[in-house]
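Here is a walk through one protein chain and its ligand. Follow it with the structure open beside the text.

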Amino acid sequence: MVRYKELNHKAAGHDGTLTDEEGILVFKPATKQETNFYQAIQNTRNFNEEVSKTDNYDIPLIDWMPTFLGILDEGQASPPDNVHLLKDPNLDEATLKQLIKDTDNKDMRSKRYLVLENLLSTFRKPNVLDVKLGKILYDDNATKEKKERLTKVSNETTSGSLGFRICGMKIRKNKLTKGLSESYFENGNDGYISVNKFYGRSRTKENIKDAFEMYFADDELSSERRLKLKTTFFQRLQLFYNTLLNEEVRMFSSSLLFIYEGDSTIWDLRHDEDRILKSDFFDSDSDDESEDPLEDDEEIATDTAYKKSSLSSMHLIDFAHSRLTPSLGYDENIVDGVDNLLKVFEELQNHA
Ligand code: ADP
Ligand code: MN
C-alpha cells in the first residue's frame, strides 16, 4: 500500500499537497479547472504530434509543465467529521444548510488529487523558488471581493510594477540569508529556511535583483557554478518566452518554479554539465548509459534517479486559474512578466 506524506520542500502555496514515501510523485488536491487544463494541454500535444513534427522548433508549453500522470480518487472517502450532527433532531434549517455546504466543500477538496511528477525527486539538496507571474492575478470567475483584494496586492508589489512577484523560497541558509529580517522566514530542518510571502511582497523594482542573488547564493557552490546557474536560467527564460508567444492560453496566478542543486558532489559527478530542458519523466533508459558521468561513482550509479538528474530546472506550475483560449493570441499578462524577468536575469549575469 502506498503511504502518503506532506510534501516537504515547498516554496509556497496551500497545505494538503502530498508525496509518496520515495518522493517520486506529487498529489495536489484537484480543482476542476486545473484538472481540465492539464487534460486539455495533453490533448493538444497528441494532436500536434499527429499533425506535424517538422516545422515547429519552439518548445510546446507542455514541456515546461510537470508530467501529468492522471487523477487519483481516494478509494474510500471517510465520512466528514461533523456528519453525525446532521442527525440532530433539533437542528435548525440554516445550520443544516451550512453543514451540508461545508461537507460538500470538504469532500470536493479531500477526494480527488492530480498526480504529478515530483520535480524535486532528482535533487539531493534542492534550493526552490516560486515566482508568481502576471500583473493581473485573478480570472473572470473570481468574486468581486477577491478581485479587489488581489488588485490591491498587485498594486502594492512587484506584481504590479514588473508583472511577477517572488511568492516564496525553500532554500538552504547561505551568506546572504543571514541578513534577512526575522519576519520574513522560518527555520526548517537540515539548515533549510522557508522564506515567506511577506518577503516577496516587500520587494521593489529597485531591490528585486538582490532577492535573486540571495536565491543563488548557496555557500557550497563556487562563484563559477553560481554564475553558470544564472546563465542557464536566463537561457531557459528566453526559450520559455518564445513558447509563450506561440501559445493561446490565459493563465492567472501560475508560477515559475526554479530548482537548483546545492550539493557540490553532484556537480562534480556531472562535470558541471546541466541540461536546459528536463529529461522526459518516462524516458529513463534511452540515454546512452555508458556515457553517463555518474556511472563512475559506484554508490550513485546504482541509484537510477540520479542518472536522470540535472543541476537545475525551471517549470511552470499551478493552473488552478488557467484555460486554453484558441484564437485569442498570446497571454500578454504573462509575457510582460517574463520579459521583465529576462531583464533581471540579464543583469544578474554581470555579477558573479
Ligand atoms: P497552490 O495552488 O497551493 O499555490 P502550487 O501548485 O502553486 O499550489 O504548489 C505550491 C508549491 O508546491 C510550489 O511552490 C512548489 O514548491 C510545490 N510544488 C507544486 N507542484 C510541485 C511538483 N510537481 N513537484 C515539486 N514541487 C511542487
Ligand atoms: Mn501557487
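In this predicted model, ligand 1 lies between domain 1 (4-117) and domain 2 (126-348), because both domains give residues to the shell around it. That shell has 21 residues. Gly13, His14, Leu119, Asp130 and Asp318 come nearest to ligand 1. Four strands each supply at least two shell residues: E3 (25-29), E5 (112-117), E6 (126-133) and E11 (255-261). By class, the shell holds 11 nonpolar, 5 polar and 5 charged residues.

Now turn to the domains themselves. The domain assignment of the chain gives domain 1 (4-117) and domain 2 (126-348). Their contact takes 20 residues from domain 1 and 28 residues from domain 2. On the domain 1 side, helix H1 (residues 32-51) gives the most, with 5 residues. That side of domain 1 has 11 nonpolar, 4 polar and 5 charged residues.

Which residues have the most contacts inside the largest nonpolar core? They are Val131, Tyr215, Leu257, Phe258 and Ile259, in a core of 65 residues. Domain 1 and domain 2 each contribute at least three residues to this core. Leaving aside neighbours within four places in sequence, Leu257 is in contact with Ala11, Leu119, Val128, Asp130, His315 and Ile317. Two of these partners, Leu119 and Asp130, are also among the residues that come nearest to ligand 1.

Is Ser253 buried or exposed? Ser253 has 20 other C-beta atoms within 10 Å, so it is buried; the cut-off is 20 or more. Not counting residues up to four places away in sequence, Ser253 touches Lys132, Gly134, Leu137, Asp318, Ala320 and His321. Ser253 and Tyr138 are 115 residues apart in sequence, yet their C-alpha atoms are 6.9 Å apart in space.

Last comes helix H7 (residues 223-246). H7 has 24 residues and reaches 36 Å from its first C-alpha to its last, close to the 34 Å expected at 1.5 Å a residue. Its buried residues include Leu229, Phe233, Leu237, Phe240 and Leu244. Charged side chains are on the list too: Arg225, Lys228, Lys230 and Arg236 are buried. What do the buried residues of H7 pack against? They pack against E11, helix H8 (264-269), strand E12 (312-317) and helix H11 (332-348). E11 also supplies at least two residues of the shell around ligand 1.

How values were computed: Residues numbered from 1 in each chain as written. Chains lettered and ligands numbered in written order. Predicted model: local features only at pLDDT ≥ 70, side-chain atom pairs only at ≥ 80, totals over all residues. Core = buried A, V, L, I, M, F, W, Y, C linked by C-beta atoms within 7 Å. Buried ≥ 20, exposed ≤ 12 C-beta atoms within 10 Å, placed from the backbone. Domains from an automatic or database assignment. Contact = placed C-beta atoms within 7 Å. Near = placed C-beta within 6 Å. Expected span 1.5 Å × (residues − 1).
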